[in-house]
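Hi there,

Here is the structure I promised to pass on to you.

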Amino acid sequence: MAKRLLVTYALWALGGPVGLHHVYLGRDSHALLWMLTLGGFGVGWLWEFWQLPGWVARANDTQEPRPRSPEPPALSPVRFFGQVLVGIYFGLVALIGLSSLAGFYLLALPLAVGLGVHVVSSVGDQTSDLRSTLVAAFLTSPVFYGRALAILPVSLTASVTAQQCRRYKPCRGTRATLRARLYHLGLAYLAFTTPLAYCAFCNTAATARYVADAIGAVLGWLSFFPTLGSFLEQLLLLPYRAWRLLTEGAGFAAGSFQEWEKVYEFVQSFQSERQQLAYKVLGLRDGAPVEEIHKSYRELVKLWHPDHNRHRAEEAERRFIEVQAAYESLMQPRKAKPA
């Protein structure tokens, strides 16, 4: 049955973040990836707007198929970045949902990261060797045993291995029925979400603590980029605020959801703490006027400029960056306010 471009765009607009248009076009690996990441965290869903005509044409076999030569596909930095990112994402989900299992860092974590990397490897007309990807993940994980930081090197190693083993998918034979495809996609989705849902509702306190620690680590890494950190804070708080609007006054905010309110308060406290630290770095009292902020910033920038402190270059560079970050942190909210 021929695929229609108008139908594809309609499905992309109505159910793109859950991959409905990919199911329609027979791109099941891409559909699964979108289901598990809500459209590539929203960015991938918007980015693929211009690619839909080519995918529809390929699904209808109106374009010449890609050659299935023994040569591997060209290296794609976008695909590699996606493999690393989704591998980390799968690892974080496993950390939240399965970390109580014995041998988590030896079994569950490398398996989750490796599968996340392989899902991205299988998007489109390419794939990779699942066995090699998993072996790389399992060999890397014990080196960082017991550390949440293990997710990053495991994902990097698995992604590099997947890129080295990349190849084109074999030519398609008879396609499975829609019912069978949806059945397999549903099983994969349940396998991914069930442990997370169990921990979120049955082991809420520990899950909330893991989420709060992860958010705190990310926001801590972004302390020198106040604008990006502020944007990420607001993005992280959107689901909670939406839930509050839907359940306000309905008596649904009791019980286990109180733990998630603590996570909300934890994230919200970052902004006030960062502002207090910024005032301290600039040597000002809390709530100092803009004129004092400008004056202190100019003085400290001159004082700690690396060119004026060659005898203590490392300290000067660190202080110089701290002053700039503190100044931006205090001035950004004022810039956002209308005149």
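**Salt bridges**

The side chains of D307 and R310 meet in a salt bridge, with 3.9 Å from N to O. By that I mean a side-chain nitrogen of Lys or Arg within 4 Å of a carboxyl oxygen of Asp or Glu. Before I go on: this is a predicted model, so local features need pLDDT of at least 70 and side-chain atom pairs count only at pLDDT 80 or more, while totals for chains, interfaces and linings use all residues. Residues are numbered from 1 along each chain as its sequence is written, and side-chain values use heavy atoms, with hydrogens and water left out.

Back to our pair. R310 is exposed at 66% relative accessibility, and D307 is partly exposed at 47%. (Buried is under 20% relative accessible area, exposed is over 50%, and partly exposed is in between, using a 1.4 Å probe and protein chains only.)

How many salt bridges does the structure hold? There are five. One of them joins R181 and D28, whose closest N and O atoms are 2.7 Å apart. R181 sits in helix α10 (residues 178-202) and D28 in helix α3 (residues 28-41), so this bridge ties together parts that are 153 residues apart in sequence. Helices here are DSSP runs (H or I, at least four residues), numbered from the N terminus. R181 is buried at 10% relative accessibility, whereas D28 is partly exposed at 23%.

Another links R319 with E315, at 3.8 Å between the closest N and O atoms. These two are four residues apart in helix α15, so about one helical turn separates them. R319 is partly exposed at 29%, and E315 is partly exposed with a relative accessible area of 29%.

A nonpolar core is a set of buried Ala, Val, Leu, Ile, Met, Phe, Trp, Tyr and Cys residues joined through side-chain atoms within 4.5 Å. This core has 17 residues, and Y279, L282, L284, I293, V323 and L330 touch the most other members. Two or more residues come from each of α13 (257-281), α14 (290-304) and α15 (313-336). A second, separate core has 15 residues, including F104, A112, A150 and I151.

**A buried glutamine**

Finally, look at Q163 in helix α9 (residues 151-164). Is Q163 buried or exposed? Q163 is buried, because its relative accessible area is 6%. Leaving out residues up to four places away in sequence, Q163 touches L75, S76, R79, F80 and Q83, where a contact means heavy atoms within 4.5 Å.

Cheers
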